[in-house]
Amino acid sequence: YLDRPSDSIPLSELQAAALLPQLDRLEQCNQIRGETIRRIFQEVPWMVEAVGERRPTDPSTCYKLAFGAQNRDLMLPIFNRFGLPVGPGYRSMHRSSDRRCGKTGSLERSRVLGDQLCLLDHSVLLSVDDPRERLIAALTDCRG
């Protein structure tokens, strides 16, 4: 089910057919992502600060990992050079029309987050063993 402001759309039959066989692995994938995120927070100090107060209390509930970068547009190419699948965080609500979203102000904090948030893709959070070690090394090196 897609659930965004003003949009609620059920999955298509094709999407459901692709999703159903993966449900059996969901708990295992959640545990792997949670362990990877715990290791990142233990071994990459700058990520703890970059995630800040948005740091998850239970990393096994995370699908992706969002973090802030003051100069995101300068950092994204650096992350990518290190082979990290990092992209812009989210389409901020300040960009939506006032009529569509019923905004009551400028949403300045939303604009700032929209300009600074980066997103580490879920695919790399499923890393184990040597790929996980390379991920942690790349995160350490790209800001070191």
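Q: How many helices and strands does the chain have?
A: The secondary structure comes to 8 helices and 5 strands. Keep in mind that this is a predicted model.

Q: And what pattern do they follow along the sequence?
A: Reading along the sequence, you get β-β-α-α-α-β-α-β-α-α-β-α-α.

Q: What share of the residues is buried?
A: Buried residues are 34% of the 144 in the chain.

Q: What about contacts, how much comes from residues 24 or more positions apart?
A: Counting contacts with a separation of 6 or more, 64% are between residues 24 or more positions apart.

Q: OK, sheet next. In what order do the strands of the open sheet sit?
A: The order is β3-β5-β4, so to speak a 3-strand open sheet, and the pairing is antiparallel.

Q: Which ones are the edge strands?
A: Those are β3 and β4, the latter covering 86-88, and each of them pairs on one side only.

Q: How much are neighbouring strands turned against each other?
A: On average by 35°, with direction ignored.

Q: Over how many bridges do β4 and β5 pair?
A: They pair over 3 bridges, in the antiparallel sense, with β5 spanning residues 117-120. As one example, P88 has C118 in β5 as its bridge partner.

Q: Which strands does α4 lie across?
A: Helix α4 lies across β3, β4 and β5, and it runs at about 155° to β4.

Q: And α6, which strands does that helix touch?
A: Helix α6, residues 108-116, packs on the sheet and touches β3 and β5. Its direction makes about 45° with that of β5.

Q: Switching to aromatics. How many aromatic pairs are there?
A: The count comes to 3 aromatic pairs. Take W46 and F67: their ring centres are 5.7 Å apart and the planes sit at 75°, so that pair is edge-to-face.

Q: Where do W46 and F67 lie?
A: W46 is in helix α3 (residues 45-51) and F67 is in strand β3 (residues 65-68), so the pair ties together parts that are 21 residues apart in sequence.

Q: What's the geometry of W46 and F79, then?
A: Here the ring centres are 6.0 Å apart and the planes are at 15°, so W46 and F79 count as stacked. F79 belongs to helix α4 (residues 72-81) and W46 to α3, so this pair links parts 33 residues apart in sequence.

Q: Which residues form the aromatic cluster?
A: W46, F67 and F79 form one aromatic cluster.

Q: Last topic, helix against helix. At roughly what angle do α2 and α8 cross?
A: At roughly 35°, and their axes come within 10 Å. Helix α2 is residues 26-43 and helix α8 is residues 129-143.

Q: Is that crossing left-handed or right-handed?
A: The crossing of α2 and α8 is right-handed.

Q: Which residues meet there?
A: From α2 you have I32, E35, T36, R39, I40 and E43, and they meet R132, E133, L135, I136, L139 and T140 from α8.

Q: How does the contact of α2 with α8 divide into nonpolar, polar and charged?
A: The residues of that contact are 5 nonpolar, 2 polar and 5 charged.

Technical notes. Residues are numbered from 1 along each chain as its sequence is written. This is a predicted model: local features need pLDDT of at least 70, side-chain atom pairs count only at pLDDT 80 or more; totals for chains, interfaces and linings use all residues. Side-chain values use heavy atoms; hydrogens and water are left out. Rings of Phe, Tyr and Trp (its six-membered ring) pair if their centres lie within 6.5 Å; planes under 30 degrees apart count as stacked, over 60 as edge-to-face and the rest as tilted. Helices (H or I, at least four residues) and strands (E, at least two) are DSSP runs, numbered from the N terminus. Two strands pair if DSSP finds at least two bridges between them. Axes are lines fitted to C-alpha atoms, for helices over the stretch in contact, and angles run from 0 to 180 degrees between N-to-C directions. Contact means heavy atoms within 4.5 Å. A crossing is left-handed if the near helix is turned anticlockwise from the far one by less than a right angle, and right-handed if clockwise. Ala, Val, Leu, Ile, Met, Phe, Trp, Tyr, Cys and Pro count as nonpolar, Asp, Glu, Lys and Arg as charged, and the others, Gly among them, as polar. Buried means under 20% relative accessible area, exposed over 50%, partly exposed in between (1.4 Å probe, protein chains only).
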